[in-house]
Amino acid sequence: MYDFFIVGSGLFGATMAYTLKNRGYKCLVIDKRSHIGGNVYTENMNGINVHKYGAHIFHTNNKRVWDFVNSFVEFNRYTNSPIANYKGRLFNLPFNMNTFYQMWGVTTPEEAATKIEHQRNEFGVENPQNLEEQAISLIGKDIYHTLIKDYTEKQWGRKCTELPAFIIQRLPVRFTFDNNYFNDTYQGIPIGGYTKMVERMLESIEVRLNTDYFENRKYFDSIADKIIYTSEIDRYFDYCYGHLEYRTVSFETNLLEGVSNYQGNAVVNYTDAETPYTRIIEHKHFEFGQQPDTVISQEYSKEWRPGDEPYYPVNDDHNGKLYAKYKALADAQTKVLFGGRLAEYKYYDMHQVIEKALVLAEKIINTH
Ligand code: FDA
């Protein structure tokens, strides 16, 4: 018998397992994949740590979470500074003085602010009704048409005029020459990859890979006092109210032998409509790699169908209501606790998932 049976070895499951094990609880972790780590898994290709399920950059303001991850591996000084490529013209992101200089040739914050203000006033929509109107009224037409419109339409598979305004509440604009994408105090990439970090979290804990909870549900339900479930919530309840929807991404990953530096940056967004992918990731740059080869991944954003990898929850009314019904069922369970991005049907960054797991583990420890 185990004290805790944990479905999923992603950051939520691994953080729970590590914290509970340290308090003397006996845990079993399973994962249906052939590896640990969930979506943060990195795979070594020709000495390069490839982010198998999309680029993962760790950033947080939470010192406790930062100290927690740094207790397993050292982090490097990587700072996310994406480049946008619009039909061959390059721009720095997020929108900052470098972007404004590249767009208009303006050199002072005052000139940039005046330019943006002029375009906002020219547009003159007081009550934006869709994403396009919202974006132009926040940042003006030039930045919208060059850096937002086509990229957003590729991401969502819908016209910006058909997307709700609330998706963009505000657009981060900086009137300094600062290309750092995040505002957080702490940022970096684990030296040696995320897999190494999760391996250390799960050290001396029993883990069974290639093991799907649903293939042996009765057995797994009987082997522990409590279950921590990090897989899809709708599946747990046999889709009794229907499927929750997601956006998914497919990755085309290629090893380029003999190419030591393909694009000079880890992240390049393609903000035009003609390029079918949204961005290219060159993995070695996350760790300042000096290998003779390189690995790149093109990312294609796609409509999700049941069976596809569920990546981004769809935050609309229909899915919100559906999730609320599943959550009511989950809350009524006494033996099972639901957590993580799939079980809570919520986009979480890594630091948020770790924080949530630390809080839940603490609550269990205090009450168990
Ligand atoms: P996760 O999905 O990682 O783990 C769940 C695990 O459960 C998986 O290993 C799965 O195989 C397993 N499982 C599912 N069903 C099962 C079953 N039936 N039986 C057994 N096992 C089962 N965050 C950030 O901070 N910075 C970033 O740059 C990014 N980038 C990013 C890019 C993309 C494309 C995505 C989709 C997400 C990000 N994230 C991110 C978010 C990050 O990926 C996320 O916060 C964590 O991976 C969530 O960890 P979980 O443990 O909740 O889920």
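This is a predicted model: local features need pLDDT of at least 70, side-chain atom pairs count only at pLDDT 80 or more; totals for chains, interfaces and linings use all residues.

Student: What is the hand of the crossing of α1 and α11?

Tutor: That crossing is right-handed.

Student: Which residues of α1 and α11 make the contact?

Tutor: From α1 come Leu 11, Phe 12, Thr 15, Met 16, Thr 19 and Leu 20. From α11 come Met 350, Val 353, Ile 354, Lys 356, Ala 357, Leu 358, Leu 360 and Ala 361. The cut-off for contact is 7 Å between C-beta atoms.

Student: How do the residues of the contact of α1 with α11 divide?

Tutor: Into 11 nonpolar, two polar and one charged.

Student: What is the hand of the crossing of α5 and α6?

Tutor: Right-handed again for α5 and α6. The axes of α5 (residues 131–139) and α6 (residues 141–156) come within 9 Å and cross at roughly 145°.

Student: Which residues of α5 and α6 meet?

Tutor: Leu 131, Ala 135, Ile 136 and Ile 139 in α5 meet Lys 141, Ile 143, Tyr 144, Ile 148 and Thr 152 in α6. By class, that contact has seven nonpolar residues, one polar and one charged.

Student: Now the sheets. What is the order of the five strands in the open sheet?

Tutor: The order is β9-β2-β1-β10-β16, and the pairing is parallel.

Student: Why do β9 and β16 stand at the edges?

Tutor: β9 (206–208) and β16 (336–338) each have a single partner strand, so one side of each has no neighbour in the sheet. Neighbouring strands in this sheet are turned by 20° against each other on average, direction ignored.

Student: What makes β10 and β16 a pair?

Tutor: Three bridges join β10 (residues 224–229) to β16, and the two run parallel. Pairing needs at least two bridges, so these strands qualify. Within β16, Leu 337 is the bridge partner of Ile 228.

Student: Which strands does α1 lie across?

Tutor: β1 (2–7), β2 (27–30) and β10, with α1 running at about 165° to β2.

Student: What is the order of the seven strands in the other open sheet?

Tutor: β7-β6-β12-β13-β14-β11-β15, with mixed pairing. β7 (89–92) and β15 (312–313) are the edges: each has a single partner strand, so one side of each is left open.

Student: Where does the mix show? In what sense does β12 pair with β6, and with β13?

Tutor: β6 (residues 83–86) and β12 pair parallel over three bridges. β12 and β13 (residues 279–282) pair antiparallel, also over three bridges.

Student: Which way do the residues of β12 point, and are they buried or exposed?

Tutor: Val 267 and Asn 269 point one way, Val 268 and Tyr 270 the other, and all are buried. The label needs 20 or more other C-beta atoms within 10 Å.

Student: Last, the ligand. How many residues surround it, and which are the closest?

Tutor: 34 residues surround the ligand, and the closest are Gly 8, Gly 10, Gly 38, Gly 54 and Gly 340. α1 and α11 are the elements that give two or more residues to that shell. By class, the shell has 16 nonpolar, 12 polar and six charged residues.

Conventions
Residues are numbered from 1 along each chain as its sequence is written. A crossing is left-handed if the near helix is turned anticlockwise from the far one by less than a right angle, and right-handed if clockwise. Helices (H or I, at least four residues) and strands (E, at least two) are DSSP runs, numbered from the N terminus. Two residues are in contact if their C-beta atoms, placed from the backbone, lie within 7 Å. Ala, Val, Leu, Ile, Met, Phe, Trp, Tyr, Cys and Pro count as nonpolar, Asp, Glu, Lys and Arg as charged, and the others, Gly among them, as polar. A residue is buried if 20 or more other C-beta atoms lie within 10 Å of its own, exposed if 12 or fewer, and partly exposed in between; C-beta atoms are placed from the backbone. A residue is near a molecule or strand if its C-beta atom, placed from the backbone, lies within 6 Å of it. Axes are lines fitted to C-alpha atoms, for helices over the stretch in contact, and angles run from 0 to 180 degrees between N-to-C directions.
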